[in-house]
Amino acid sequence: MALDQSFVGRTYPPTAPYEVGREKIREFAEAVGDTNPVYMDTEAAKALGHSDVIAPPTFVFAITFRAAGEVIADPQLGLDYSRVVHGDQKFAYTRPVRAGDRLTVTSTIEAIKSLAGNDIVDIRGEVHDEAGEHVVTAWTKLVARAAAEEA
């Protein structure tokens, strides 16, 4: 069953702050195989003008996808998460994510489409720091595959 188009534009409340830690950044950089010193060495980051280590560009996905979970779990939307695959991801940064940042995410449903029985939901996550300054916008595309009998 197609998702309700009236949900387009719906914005969910901001998440609780997520404090970005140096160790989390280092672990993430190691997990994705990125050995850039600005992700692991405070002095290397400071030499490039940063106040502390910065996170690899895709680090913020963990925070924004957690926030998108509120959209996914909204019973009124009716998205069947057991059929969901991650369709696409993109980011637009105002500044890098830094160790010590306390970030909140506000999620908005940007689009809902139905294609060949698949439901496609585009979610925009606006990430702000503790001062309310914009850090990054993340777009997540989720595809709920059609059930076999619907395809």
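## Model and confidence

The structure is a predicted model, in which local features need pLDDT of at least 70, side-chain atom pairs count only at pLDDT 80 or more, and totals for chains, interfaces and linings use all residues. Residues are numbered from 1 along each chain as its sequence is written, and side-chain values use heavy atoms, with hydrogens and water left out.

Confidence is highest in strand β1 (residues 18–19), at a mean of 98, and lowest in helix α3 (residues 61–72), at 92.

## Overall fold

The protein chain holds 3 helices and 5 strands. Both kinds of element are DSSP runs numbered from the N terminus: helices are H or I of at least four residues, and strands are E of at least two. Starting at the N terminus, the order of elements is β-α-α-α-β-β-β-β.

The C-alpha trace spans about 55 × 30 × 20 Å along its principal axes. Of the 151 residues in the protein chain, 41% are buried. Buried means under 20% relative accessible area, exposed means over 50%, and partly exposed lies in between (1.4 Å probe, protein chains only). Contact means heavy atoms within 4.5 Å. Among contacts between residues at least 6 apart in sequence, 69% join residues at least 24 apart.

## The sheet

The 5 strands form an open sheet in the order β1-β3-β4-β5-β2, with antiparallel pairing. Two strands pair if DSSP finds at least two bridges between them. β1 and β2 are the edge strands, each pairing on one side only.

Strand β3 (residues 102–115) runs antiparallel to strand β4 (residues 118–128), and 11 bridges join them. Thr-106 stands opposite Glu-126 in β4, and Thr-108 has Arg-124 as its bridge partner in that strand. The β3 and β4 hairpin has 2 residues between its strands, and Ala-116 in the turn has a positive phi of about 55 degrees.

β4 and β5 also pair in the antiparallel sense, over 10 bridges. Glu-126 has Thr-137 as its bridge partner in β5. The hairpin of β4 and β5 has 5 residues between the strands, and there Gly-132 takes a positive phi near 85 degrees. β4 is mostly covered, with 8 of its 11 residues buried.

## Helix α3 against the sheet

Helix α3 lies across β1, β2, β3, β4 and β5 (134–144), and runs at about 55 degrees to β3. Axes are lines fitted to C-alpha atoms, for helices over the stretch in contact, and angles run from 0 to 180 degrees between N-to-C directions.

Thr-64 is placed in helix α3. Thr-64 counts as buried because its relative accessibility is 3%. Leaving out residues up to four places away in sequence, Thr-64 touches Val-105, Val-127 and Ala-138.

## Aromatic pairs and a charge over a ring

Rings of Phe, Tyr and Trp (its six-membered ring) pair if their centres lie within 6.5 Å; planes under 30 degrees apart count as stacked, over 60 as edge-to-face and the rest as tilted. By this rule there are 3 aromatic pairs. One of them joins Phe-28 and Phe-59 edge-to-face, at 5.5 Å centre to centre with 85 degrees between the planes. Phe-28 lies in helix α1 (residues 22–31) and Phe-59 in the loop between α2 (42–47) and α3, so this pair ties together parts that are 31 residues apart in sequence. Phe-28 is partly exposed, with a relative accessible area of 22%, whereas Phe-59 is buried at 5%.

Phe-91 and Tyr-93 form a tilted pair, at 6.3 Å centre to centre with 45 degrees between the planes. Phe-91 is partly exposed at 24% relative accessible area, and Tyr-93 is partly exposed at 32%.

The charged end of Lys-90 sits over the ring of Trp-139, 5.4 Å from the ring centre. A charge sits over a ring if NZ of Lys or CZ of Arg is within 6 Å of the ring centre and within 35 degrees of the ring normal.

Gly-78 lies in the loop between α3 and β2 (84–93). Gly-78 counts as partly exposed, at 47% relative accessibility. Gly-78 and Leu-3 are 75 residues apart in sequence, and their C-alpha atoms are 6.9 Å apart in space.

Technical notes: pLDDT is the predictor's confidence in each residue, from 0 to 100.
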